[in-house]
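Subject: Structure for your review

Dear colleague,

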Amino acid sequence: FNGVPYEPLQAASDLSKPYCMSLSLDEISPGRGYVKGNMRWLPFLLNTCLGNLSDDQAHVFARRLAGLEPMLPAAIIRPEHYEAAKRAIIRKRYNAKRCGIPVLPCFEFECLLDKGVLVTHCALTGQELRWGGTHGRQGPRADSASFDRLNPGKGSPYFADGVQVISMSANRFKSNLPVNDSRLLDAIAFLQHPDYLSSHIVS
């Protein structure tokens, strides 16, 4: 992917956190399971970044992040989603403060709705966003609505003009982005290269 040698499987000091360039198993077609013909080896950082997205979805998504593809249009949420959106905002305010991330007073329902932040679809993936019942037993779903800071630097607050609502899968992709956009596009494209297919597919 980048000429860097693969690292040991895990850091000896923390067995729960593989190194970024450790090899990890990935499902080629998400949802089919770890079965013969549907497994491949990826660097842990790229595997984490892809999440449950297909290679094609991830490639288009990365192009949108790089500004090479237009963002998708999204409509403002309907009244039947208002209560779920209010609960999501309260939950985000609580979790942000618990993590030491500032939250400005404008990060509230009426202001976010007025500024067009609360939308029905993810502008990056096109997924219809799930506002109600967003948390299953394993946590938020891939299509759950999530708040993403546009400039998530250290100490950057949550405020109405500094956030967008995208799907949880898109937010995780952005959060785990290990390389700059151009290198990520190259890495995803390499997944179809004969050299990769002949050496990293588990048959």
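This is a predicted model: local features need pLDDT of at least 70, side-chain atom pairs count only at pLDDT 80 or more; totals for chains, interfaces and linings use all residues.

Residues are numbered from 1 along each chain as its sequence is written, and side-chain values use heavy atoms, with hydrogens and water left out.

The largest nonpolar core has 44 residues, a nonpolar core being a set of buried (under 20% relative accessible area, 1.4 Å probe, protein chains only) Ala, Val, Leu, Ile, Met, Phe, Trp, Tyr and Cys residues joined through side-chain atoms within 4.5 Å. Those touching the most other members are Leu112, Leu118, Trp131, Phe147, Val165 and Phe173. Among the elements that give two or more residues to this core are helix H3 (82–98), strand E5 (145–149) and helix H5 (168–175), and H3 gives the most, with five residues; helices (H or I, at least four residues) and strands (E, at least two) are DSSP runs, numbered from the N terminus.

As for open space, a pocket is an open set of points on a 1 Å grid over the protein atoms alone, where a 1.4 Å probe fits, with protein on both sides within 12 Å along at least five of seven lines, and lining residues have an atom within 4 Å of a point. The largest pocket holds about 490 Å³ of space, a volume being the space filled by probe spheres set on the points, which are joined across faces, edges and corners. Of its 21 lining residues, Lys92, Ser146, Phe147, Met168 and Asn171 lie nearest the centre.

Best regards

Methods: Buried means under 20% relative accessible area, exposed over 50%, partly exposed in between (1.4 Å probe, protein chains only).
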